[in-house]
Amino acid sequence: MSRAWVEIDLGALRRNGATIARHAGVPILPMIKADAYGLGAVAATRALESLAPWGYGVATVVEGRALRAAGIARPIVVFTPLLSDDFAAAREARLTPVLGSASSVVAWAAAGGGAWHLGIDTGMARAGIRWDRVGEVIDAVRSHPPEGACTHFHSAHDSGATQLQRERFASAVAALPRRPAVLHAENGPAVERLTSRSEFDVVRPGIFLYGVDSGARLTASPVIAVRARVVELREVSAGESVSYEATWRADGPRVVATLAIGYADGYRRALSSVGEVLLGGARRRVTGLVTMDMTMVDVTGARCAPGDLATLVGADGGDCLTVAAVAERARLSAYELLTGLRGRLERVYREAA
């Protein structure tokens, strides 16, 4: 019997991918970086293969090589800029780098080359050639044409900012010797806001795939649940404290359950005394500081015994603690919560109805 684990509904993952592809009207380029946002890159990629995506997106050569080792044959785009020392390993794994300077394009070609995409910075100020300095890469692009070109929207919820970035991207692409075959810019939140077919060749969904939407035009199916077992129960008298630093004290006789999960598993310390779990058919409040390996909850009045199951994220008994809601309680982004789920938690894959 596992002490704690993450359940992943691969059917929901596929439904979310299909929803994005259908709404955008173009193939998807799923972002599988950060171990598929903590869900397991190989399992997620294999589940998404049935949707015939254009390719997959990663952040590092190591991530791309892991997918190749798992038998993934589609294009794999590395979005974080690579140093020239990484080019040989990227070529060996048949990875497609996103390059943003004339020197990197020339170095990639000198290393043997292969497919690459031009990164264009339209306002994110993170990577890529600035939209108004594309002239600096024209000679390199003419000698070594890119397969694709891309940008990234910094505020997909802001239609004005996004429209400005779209215009900058269009002007930069128009300045190239010829249009690359694959243009992409829209992440999941941008796709959710589309009112018609995407103007680009592929779209790049990330967190929407994993069950978190932005509340725009699409609803993501929940994909994950975090479960943990009750390992001990104890009675606490009025005035007695629970956990480090005695930040929580009982206001009367209480029963406290200890769950076998803590911040070393990714259940954040910021949820101390504010987090909720689903246990015994109701929501139970976290009591005291979340510790490295254990979390305590108030189960007064509940039928509870060691071995019982608590849900810290996800659905149980008709109620649901969504990723977004748990992240908000912890004052985190949903991205941080998902990618912070540690490897100590077993990943259990299911095909839920």
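In the predicted model, the side chains of R254 and D298 form a salt bridge, with N and O 3.0 Å apart. This pair joins distant parts of the chain. R254 lies in strand β12 (residues 254-259), whereas D298 lies in strand β15 (residues 295-298). The two residues are 44 residues apart. D298 has a relative accessible area of 12%, below the 20% cut-off, and so is buried.

The structure holds 19 salt bridges. Another of them connects R344 and D293, whose closest N and O atoms are 2.9 Å apart. Here too, distant parts of the chain are linked. R344 sits in the loop between α11 (334-339) and β18 (346-350). D293 sits in the loop between β14 (282-285) and β15. The separation is 51 residues. R344 is partly exposed, at 42% relative accessibility. D293 is partly exposed as well, with a relative accessible area of 33%. Both residues belong to a network of salt bridges that also includes R3 and D265.

A further salt bridge lies within a helix. The side chains of D139 and R142 meet at 3.4 Å, N to O. Both residues are in helix α7 (residues 138-143). They are three residues apart, so about one helical turn separates them. D139 counts as exposed because its relative accessibility is 58%, and the cut-off for exposure is over 50%.

Helix α8 was examined next. The helix comprises 16 residues, 159-174. The buried residues of α8 are A161, T162, Q165, R166, F169, A172 and V173. These residues cover an arc of only 140° around the axis, and therefore lie on the same side of α8. They pack against three strands: β5 (117-121), β7 (148-150) and β8 (182-184). The face turned away from this buried side carries the exposed residues S159 and A174. At the start of α8, D158 makes a contact through its side chain. A side-chain oxygen of D158 comes to within 3.0 Å of the backbone nitrogen of G160.

Technical notes:
Residues are numbered from 1 along each chain as its sequence is written. This is a predicted model: local features need pLDDT of at least 70, side-chain atom pairs count only at pLDDT 80 or more; totals for chains, interfaces and linings use all residues. Side-chain values use heavy atoms; hydrogens and water are left out. Helices (H or I, at least four residues) and strands (E, at least two) are DSSP runs, numbered from the N terminus. The expected span of a helix is 1.5 Å times one less than its number of residues. Buried means under 20% relative accessible area, exposed over 50%, partly exposed in between (1.4 Å probe, protein chains only). The arc is that of the directions from the helix axis to the C-beta atoms. Contact means heavy atoms within 4.5 Å. A polar contact is a pair of N or O atoms within 3.5 Å; within protein, one must be able to donate a hydrogen and the other to accept it, and residues adjacent in sequence count only if both atoms are side-chain atoms. A salt bridge is a side-chain nitrogen of Lys or Arg within 4 Å of a carboxyl oxygen of Asp or Glu.
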